[in-house]
Structure formats: C-alpha cells, structure tokens
Amino acid sequence: MQKYSTYAEVPWYRKSSTNSLFILISIFFPPLIGLVCILLITGKIYFNKLDVQGNLKTWSVANKVVAFVFLFVQLTFLAFRYLF
C-alpha cells in the first residue's frame, strides 16, 4: 500500500474532502455512495492532517461505518421503492 508524505500527492479520489462531498451528494445521486464504499474497500481515504508519526491521517472506523450505513439505507430505500 502506498504511503503519501504530503496531501498534494494523494489522488483526488482518495481525499477526505472529495469523499465527504460524494456522501452528501449521494442523497440525491445514490451511485456515489457505492463509489465511496468501493474506495474504502480497496484502500484508504486521507485527511489533510498528520498523525504523531508524521503520516497523513486516514478515515477511522467511524467514518467507514457512516459510509456503509448510508449505503445500507439507500439500498433499503431503493428495494422498498421498486419491490413493494
């Protein structure tokens, strides 16, 4: 797994601000939450802050849970909308 020394090196799709925006937009455009969850499964999402070792901070378990809860809620809503 790649380590980034500066936030500028992080690809746009791995930045916390981008993924947080995707989660908010997913309220109106549900496929974006799927993209965020795929990115979480395949790698880390980085903050523009450093931890005590000088590495970029990454999303915690709480951030990941929120993303997957959004996915679950949207899938449940879509299932009820189209199946019942």
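## Close-up views of a predicted model

**View 1. Asn48, a residue of strand β1.**
Asn48 lies in strand β1; helices (DSSP runs of H or I, at least four residues) and strands (runs of E, at least two) are numbered from the N terminus. What you're looking at is a predicted model, where local features need pLDDT of at least 70 and side-chain atom pairs count only at pLDDT 80 or more, while totals for chains, interfaces and linings use all residues. Residue numbers start from 1 along each chain as its sequence is written, and side-chain values rest on heavy atoms, with hydrogens and water left out. Is Asn48 buried or exposed? It counts as exposed, because its relative accessibility is 55%; the cut-offs are under 20% relative accessible area for buried, over 50% for exposed, and partly exposed in between, using a 1.4 Å probe and protein chains only. Asn48 and Arg81 sit 33 residues apart in sequence, and their C-alpha atoms are 39 Å apart in space.

**View 2**
Strand β1 (residues 46-50) and strand β2 (residues 56-58) run antiparallel and are joined by two bridges; strands pair if DSSP finds at least two bridges between them. Leu50 stands opposite Leu56 of β2. As a general point, side chains in a regular strand alternate between the two faces of the sheet. Five residues lie between the strands of this hairpin, and Gly54 takes a positive phi near 90° there.

**View 2. Asn55, in the loop between the strands.**
Look for Asn55 in the loop between β1 and β2. Asn55 counts as partly exposed because its relative accessibility is 28%. Which residues does Asn55 touch, leaving aside its neighbours within four places in sequence? They are Lys3, Lys49 and Leu50, where a contact means heavy atoms within 4.5 Å. Phe80 is 25 residues from Asn55 along the chain, with 43 Å between their C-alpha atoms.

**View 3. Helix α1 against helix α2.**
Helix α1 (residues 16-25) and helix α2 (residues 31-42) have axes that come within 8 Å and cross at roughly 145°. These axes are lines fitted to C-alpha atoms over the stretch in contact, with angles running from 0 to 180 degrees between N-to-C directions. The crossing of α1 past α2 is left-handed, a label used if the near helix is turned anticlockwise from the far one by less than a right angle (right-handed if clockwise). On the α1 side, the contact is made by Asn19, Phe22, Ile23 and Ile25; α2 brings in Leu32, Ile33, Leu35, Val36 and Leu39. That makes eight nonpolar residues, one polar and no charged. Here Ala, Val, Leu, Ile, Met, Phe, Trp, Tyr, Cys and Pro count as nonpolar, Asp, Glu, Lys and Arg as charged, and the others, Gly among them, as polar.

Gln74 is found in helix α3 (residues 61-83). Why does Gln74 count as buried? Because its relative accessible area is 13%. Leaving aside neighbours within four places in sequence, Gln74 is in contact with Ser26, Ile27, Pro30 and Ile33; Ile33 also belongs to the α2 side of the contact with α1. From Asn63 to Trp12 the C-alpha separation is 18 Å, for 51 residues along the chain.

**View 4. Ser5, in the segment before α1.**
Ser5 has its place ahead of α1. At 48% relative accessibility, Ser5 counts as partly exposed.

**View 5. Stepping back to the whole chain.**
The protein has three helices and two strands, running α-α-β-β-α from the N terminus on. Its C-alpha atoms fill a box of roughly 50 × 20 × 20 Å along the principal axes. Of its 84 residues, 29% count as buried.
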